[in-house]
Amino acid sequence: MTATESIASSRPGARPPATPPLALLLDVDGPVASPVTRDVKQEIILDLVALATAGIPVIFNTGRSDAFIRSQVMEPMIEAGIPAGTIIHAICEKGAVWFSYTAAGPGPIHVDRELAVPAAYGDDVRRMVAEDYSAHMFFDETKRAMVSVEQHIEVPTAEYLAEQKLFDADAMDLMSRHGLGVVRLEHHAPNSDDEVDYRVDPTIISTDIESVRLGKDLGASRAVELLAAQGITPQAWRTVGDSRTDYAMADWLHHNDHEVKHVDVRPADGVPDKPYDVLTAADLGLDSSVIHDDAGGAFLRSWRESLGA
């Protein structure tokens with residue numbers, strides 16, 4: 001029995017439709033959780049529960065840890081009343097970690113150890129943050145495969161981003177000292193075998209250090225597998241993100257012949273030319289100033305209303 005089948009069988013309830021009209025594949029920071037406060041508005045939680053109750057698969061595809069998803073998304077959704085038998089999937093750390101949950105709580109945590117950053121490197125990053133960068137950022141102790149640091153909420157964004165560049169350079173140097181090949185944006189530093197196995201990936205509130213095999217496309221692949229294990233094949237997908245890397249979700253789904261539209265909740269970075277439709281807040285008649293979880297919440301509400309959920 002698979003993990004998905006195990007958690008499904010643990011609670012009675014109505015089976016979701018085998019071919020729901022939509023499935024939602026959601027980045028968390030930005031579209032669901034505020035990048036400022038890091039928490040999730042109650043109205044977003046209620047819309048997520050309503051959509052899941054209506055049989056719409058809700059899957060999170062995030063760089064966040066399973067601990068973050070449990071505290072900021074899972075527990076509020078359970079409190080809001082997930083029906084018995086409804087399964088929510090969470091793909092964390094860009095595909096390296098995943099679990100499912102129901103009204104009864106979380107199922108087993110799965111970790112792909114082959115995609116984990118070496119522990120010795122993570123230990124050195126922890127020490128470096130404590131000694132040199134603790135005024136601006138903290139080491140995320142909840143990650144199981146990635147190594148991540150995150151901006152303190154009280155630190156102004158401009159100050160953090162300036163310090164982030166220094167941290168990222170030191171993290172790259174540390175990779176070289178460990179004999180590991182690494183890339184950050186356009187800067188490649190291969191190892192002695194001319195290989196690059198790891199990536200330093202800066203976001204607006206954090207830096208993730210991860211296997212180059214991780215990404216939102218891997219998360220999309222896992223999402224399709226998790227639904228297939230339940231016997232679910234969505235008629236169409238909606239992917240939602242706030243950065244250029246989030247387009248990889250829709251890219252993978254489109255390449256594998258799934259009907260998909262992507263929602264960009266922070267399109268000011270520029271909307272790339274894609275072979276599938278890209279939606280922004282403007283498509284809902286909203287002003288361009290509506291971004292992040294305000295835009296993500298607006299789309300969730302629009303889908304809920306269109307389905308009568």
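This is a predicted model: local features need pLDDT of at least 70, side-chain atom pairs count only at pLDDT 80 or more; totals for chains, interfaces and linings use all residues.
Let's start inside. The largest nonpolar core has 44 residues. Leu-48, Phe-60, Met-77, Tyr-101 and Trp-303 have the most contacts inside it. Which elements give two or more residues to this core? They are strand E1 (23-26), helix H2 (42-53), strand E2 (58-61), helix H3 (66-80), strand E3 (88-92), strand E4 (97-102) and helix H8 (292-307). H2 gives the largest share, 6 residues.

Take Leu-48. Setting aside neighbours within four places in sequence, Leu-48 touches Leu-26, Val-32, Val-58, Phe-60, Met-77 and Leu-300. There is also a second, separate core, with 22 residues. Met-137, Phe-167, Ala-171 and Leu-180 are among them.

Now to E4. Why is E4 described as largely enclosed by the rest of the structure? Because 6 of its 6 residues are buried, meaning under 20% relative accessible area. Look at the two faces. Val-97, Phe-99 and Tyr-101 point one way. Trp-98, Ser-100 and Thr-102 point the other way.

Next, the partners of E4. E3 pairs with E4 in the antiparallel sense, over 5 bridges. His-89 sits opposite Ser-100 there.

E5, residues 105-106, runs antiparallel to E4 and is joined to it by 2 bridges. Thr-102 stands opposite Gly-105.

Last, E6, residues 110-111. E6 is antiparallel to E4, again with 2 bridges. His-110 in E6 is the bridge partner of Trp-98.

Notes: Residues are numbered from 1 along each chain as its sequence is written. Side-chain values use heavy atoms; hydrogens and water are left out. A nonpolar core is a set of buried Ala, Val, Leu, Ile, Met, Phe, Trp, Tyr and Cys residues joined through side-chain atoms within 4.5 Å. Buried means under 20% relative accessible area, exposed over 50%, partly exposed in between (1.4 Å probe, protein chains only). Helices (H or I, at least four residues) and strands (E, at least two) are DSSP runs, numbered from the N terminus. Contact means heavy atoms within 4.5 Å. Two strands pair if DSSP finds at least two bridges between them.
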